[in-house]
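The sequence and the structure are shown below.

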Amino acid sequence: MVLHELISYEMLRLIWWLLLGILLTGFAVMDGFDLGTGMLLPFVGKTDLERRVVINAVGPVWEGNQVWLILGGGAIFAAWPQLYAVSFSGFYLAMFAILAALILRPVAFKFRGKNESARWRTTWDWALFIGGLVPALICGVAMGNVLQGVPFRLEPDMQIHYTGSFFGLLNPFALLTGLVSVAMLVMHGASWLQLKTEGEVHERARRFGGIAAIATAVLFVLAGLLLYKFVEGYKITSAIVADGPSNPLLKTVAHQPGAWFTNYFANPLLYLVPLLGIGGAVLAWLAMAARKALLALLASGLSVAGIVLSVGVSMFPFILPSSVDPRASLTVWDSSSSHLTLFIMLVCVIIFLPIILAYTSWVYSVMRGKVDAREIEQGSGHAY
């Protein structure tokens, strides 16, 4: 027996769908509080010293947190090449805006302290705000469009034709999901600042975080209701071949009202996933009000995970439906890399993911504790 045949093609596809969800959730949870902190920076820090406290709260970890974005992008490229091709070409301008904002963040972190001018530093503070807001908003808008279906079709030779536009992405439902994304990351960033800071910064973060937590729960419920009532989902109407060739055109797909809730109806335990998103936000609000900083951070992280994972649970086995040619929709079963490629990548993940987790845990352990404003004033112990 060839080694990679120890795990069936069907099982490898399912494993990689789960891993993709874990990596994207890891990015949302780990880098999410960095983005949220950036969005909060101009509002929770009223003086230069307070803003330096905010920046140093994420200073030791923000670069490492972006590893999850690289891992997620790499997983899409290697495990789901058709998904990578359609999303990165169809959403080109949106992806460019996200990358430009993410590039702006390290520049702002590094350049802010190079000049004592208040105008100079304020400019870079707002650059950090933009660097947090744009990725959060656009990623949420992208999820809203994915749930509605993306306007692309495939030729028999798998050539991609994308017929949408950047401004077409800015439809009402997608903007609502964008607001869900912004609110949940502001909540997550505020919970991190509540854990890492003291004094006025701590109190302002707690107040903004409580508002964001309630907004997250309300907007997420509203998006779910609109998804059920007004957004048609997709359903495979032909026989499903879980270990067949990676050719999406071999199946038939139909629009169906409420199709994105079929998995929940079939297995009610799956309702725990979106309930985690709602309950985590409510618990984060209560924990912030009770000044339980660590509990608030854990709850907000669970809320972010629940919201992100609920999209995958709703859509399974679809990963990118097509609104103009439903047959071309990409699913877990017909858009992956080869059996051998998935197996080799799984071996790499088994080796390197524990190393990344161990290193990340070590960094957080070493950098634990609150940011001390007095040490910043004395110029010791902090990078920014």
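Ser-322 is located in the loop that connects β5 (318-320) and β6 (330-331). The coordinates belong to a predicted model. With a relative accessibility of 0%, Ser-322 counts as buried, because the cut-off for that class is under 20% relative accessible area. Leaving aside residues up to four places away in sequence, Ser-322 touches Val-150, Phe-152, Tyr-234, Ala-328 and Ser-329.

**Aromatic pairs**

How many aromatic pairs does the structure hold? The count is 22. One of them joins Phe-43 and Phe-208, with 6.3 Å from centre to centre and 50° between the planes, and this pair is tilted. Phe-43 belongs to helix α2 (residues 32-44) and Phe-208 to helix α10 (residues 199-230), so the pair ties together parts of the chain that are 165 residues apart in sequence. Phe-43 is partly exposed, at 33% relative accessibility, and Phe-208 is likewise partly exposed, at 33%.

A further pair is formed by Trp-120 and Trp-124: the ring centres are 5.8 Å apart and the planes stand at 70°, so this pair is edge-to-face. Both residues lie in helix α8 (residues 118-148); because they are four residues apart there, about one helical turn separates them. Trp-120 is partly exposed at 30% relative accessibility, whereas Trp-124 is buried, with a relative accessible area of 15%.

Ring pairs also link Phe-43 and Phe-208 with Trp-126 and Phe-129 into a cluster. Elsewhere, a charged side chain is placed over a ring: Arg-13 lies over the face of Tyr-9, at 3.9 Å from the ring centre.

**Cysteines and accessibility**

What number of disulfides does the structure hold? There are zero. A disulfide is a covalent bond between the sulfur atoms of two cysteines. Cys-139 is partly exposed, at 32% relative accessibility, and Cys-348 is partly exposed as well, at 36%.

| Residue | Relative accessibility | Class |
|---|---|---|
| Cys-139 | 32% | partly exposed |
| Cys-348 | 36% | partly exposed |
| Phe-43 | 33% | partly exposed |
| Phe-208 | 33% | partly exposed |
| Trp-120 | 30% | partly exposed |
| Trp-124 | 15% | buried |

**The chain as a whole**

The secondary structure of the protein chain consists of 15 helices and six strands. The C-alpha trace spans about 65 × 45 × 40 Å along its principal axes. Does the radius of gyration agree or disagree with that of a compact globule? For 384 residues, a compact globule would have a radius of gyration near 21 Å; the protein chain has 22 Å, and therefore the two agree.

Of the 384 residues in the protein chain, 50% count as buried. Among contacts with a separation of 6 or more, 81% are between residues 24 or more positions apart. The Phe-43 and Phe-208 pair, which ties together parts that are 165 residues apart in sequence, illustrates a link between separate helices, α2 and α10.

Methods. Residues are numbered from 1 along each chain as its sequence is written. This is a predicted model: local features need pLDDT of at least 70, side-chain atom pairs count only at pLDDT 80 or more; totals for chains, interfaces and linings use all residues. Side-chain values use heavy atoms; hydrogens and water are left out. A disulfide is a pair of cysteine sulfur atoms within 2.5 Å. Buried means under 20% relative accessible area, exposed over 50%, partly exposed in between (1.4 Å probe, protein chains only). Rings of Phe, Tyr and Trp (its six-membered ring) pair if their centres lie within 6.5 Å; planes under 30 degrees apart count as stacked, over 60 as edge-to-face and the rest as tilted. Helices (H or I, at least four residues) and strands (E, at least two) are DSSP runs, numbered from the N terminus. A charge sits over a ring if NZ of Lys or CZ of Arg is within 6 Å of the ring centre and within 35 degrees of the ring normal. Contact means heavy atoms within 4.5 Å. The radius of gyration is taken over C-alpha atoms; the globule rule is 2.2 Å times the number of residues to the power 0.38.
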